[in-house]
Amino acid sequence: MTSQWVAMMLLISSVYSGRVLWKMKERAINVQEETVRELLTMNTDTTLRPVEGDIRQPLDHFNRRNTRTFPQRFFINEAYWKHPHGPVFLYIGGEGPLSEFSVLAGHHVTMAKQQGALLVALEHRFYGRSIIPGGLEPQNLQYLSSQQALADLAAFHQHISQKYNLTYRNIWISFGGSYAGALSAWFRGKFPHLVYGAVASSAPVQAKLDFSSYTTVVGRSLMDESVGGSEKCVKAVWEAFAAVEAALLRGEETQVGKDFSCCETPKSLEDQTELLRSLADIFMGTVQYNEEVGLLTIARLCSIMTNQSKAYVEGKEAYDRLVRLAAIYRTMEKETCLEVSYEKSILDLNTTTHVSSGYRQWFYQTCTEFGFYQTCEDATCPFSRMMNLQTEIQLCPLLFSIPQHTLPSNIAFTNLYYGGDQPQTQRVLYVNGDTDPWMALSVVRNGTNKDKHRAILIHSSAHCADMNPTRARDRASLLQARQEIESLVEAWLKNAAQEHMI
Ligand SMILES: *[C@@H]1O[C@H](CO)[C@@H](O)[C@H](O)[C@H]1NC(C)=O
Ligand SMILES: *[C@@H]1O[C@H](CO)[C@@H](O)[C@H](O)[C@H]1NC(C)=O
Ligand SMILES: *[C@@H]1O[C@H](CO)[C@@H](O)[C@H](O)[C@H]1NC(C)=O
Ligand SMILES: *[C@@H]1O[C@H](CO)[C@@H](O)[C@H](O)[C@H]1NC(C)=O
């Protein structure tokens, strides 16, 4: 089923700070969910129907006197399991709702077929349906953390082991992408007695307050000719943002607002920053998902940004091309106008009534654990300097009463607790694409001695691309990476079987 790959994008939720980026992810998920649903309804093979259920989890694993619980959603696919000793492949949910596709499509499903594995997947606490009533209230968000999430996985391991009478002979391997990729690595690191090996795709294991290297890699990828970028392209992007900034500085915000079809005129400095961030998000989202989601690609974006058409007014080309790109983006997203209100943005994030998007929860985790603020604080950033750290971190006190000055120590603790990008893990495979901005916070080099094969860096590949099933148009580097992952997983399972015979 070659078109199965589309399902995978549902699973590889990704970490963002910008609103447009978050929207691009959500739209990608919706489009793909539709496609996969159509594919599955055509599929009459009923053995493929996964089991869905809930497990009662303690709200606080680390305070056994707190007796509150929450229902955590899981999915199981038994179709490929070699009963009774076949391995168990655990798919870990991240910062968004999990669907049945987590056990139906993706490279881990392909590998489950090869290895006769039982497929199980767990939704992350406080996302999707796995949340208590009022879960988004600040006093309840205290139970949202990666540490609690790992403890959930441990309890889920026990639940599945009991349900299927599993023994030490059923070898567990964990999988995840992006934040969930980090969880996959950390689960193996913290619970080596539960999971034998872990694949961590595009996993930002190093927490970082000012993630300015994100925009640095975006600039580098826009320059990368192997994916359709060029130096001319980056230069054009840089000029375009400088032109918009200059226009705003001259007080032409009404015209700028009209040109970019903003929902309201960006009058305040905050709204202007919001506009520039939304425009930058189009580039970031495109680079991050290059050639995977099928919306914009780096090549298309660069052809728009370097268009030599005579139609553009001389001296204003860079600006006009960005206007055109924004229009193309709006058409694709079916948006009538570009949202630039900072106030609205805060209101959205402060809403505690609907859970679906996950944006508020994720923002909470950036304040308490990870940072990851994609700023333009580095000189190599091709966007606007107005996208600074301060505009991001001031939301932590506004939304959650988390003082700004506590952020550095929150993030330092995360790195202390997990080991950052120098983890002493064994049998954790870190997979990254070299055009993906998130690679800057992952493990991209092999270790020494025991850890000689721990990193795969895929040339010209985007965020979590390895997790998708193979497509006809995949690059050779990506195909080879998937084969390497398969070989390593197979080697782990063989090793484990041998260990158990002794
Ligand atoms: C697990 O073992 C129990 C008791 O031996 C048995 O009744 C049950 O059917 C087994 N379950 C599975 C899924 O094999
Ligand atoms: C270049 O711009 C012109 C005028 O806006 C447009 O007609 C043409 O399709 C553009 N070409 C590309 C490759 O975007
Ligand atoms: C967020 O909502 C809470 C509770 O409704 C309110 O007290 C607080 O002032 C709001 N914060 C912002 C920045 O709107
Ligand atoms: C790590 O080592 C393996 C096995 O030798 C190799 O295939 C892989 O390309 C190396 N990874 C990196 C990032 O150098």
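A salt bridge here is a side-chain nitrogen of Lys or Arg within 4 Å of a carboxyl oxygen of Asp or Glu. In this predicted model, the structure holds 16 of them. One links the side chains of Arg73 and Glu123, with N and O 2.7 Å apart. Arg73 sits in strand 2 and Glu123 in the loop between strand 4 (118-122) and helix 4, so the pair ties together parts that are 50 residues apart in sequence. Helices (H or I, at least four residues) and strands (E, at least two) are DSSP runs, numbered from the N terminus.

A word on conventions: residues are numbered from 1 along each chain as its sequence is written, and side-chain values use heavy atoms, with hydrogens and water left out. Local features need pLDDT of at least 70 and side-chain atom pairs count only at pLDDT 80 or more, while totals for chains, interfaces and linings use all residues.

The chain splits into domain 1 (46-206 + 421-501) and domain 2 (209-409), with bounds that come from an automatic or database domain assignment. Their C-alpha centres lie 31 Å apart. Domain 1 brings 38 residues to the contact and domain 2 brings 34, contact meaning heavy atoms within 4.5 Å. Together the two domains bury about 2,900 Å², 59% of it on carbon and sulfur atoms; buried area is the accessible area (1.4 Å probe) that two parts lose on being put together, summed over both. Leu136, Pro437 and Trp438 supply 23% of the area that domain 1 buries against domain 2, more than any other three residues.

Two salt bridges cross this interface. Elsewhere in the list of such pairs is Arg475 with Glu291, whose closest N and O atoms are 2.8 Å apart. On the side of domain 1 that touches domain 2, helix 4 (138-141), helix 5 (146-163) and helix 6 (179-190) each supply at least two residues.

Helix 5 also meets helix 17 (residues 407-418): their axes come within 12 Å and cross at roughly 35°. Axes are lines fitted to C-alpha atoms, for helices over the stretch in contact, and angles run from 0 to 180 degrees between N-to-C directions. Ser146, Gln147 and Leu150 of helix 5 touch Phe413, Tyr417 and Tyr418 of helix 17.

A cis peptide bond, with omega about 0°, joins His83 and Pro84. Ser401, not a glycine, has a positive phi of about 55°.

Conventions:
Chains lettered and ligands numbered in written order.
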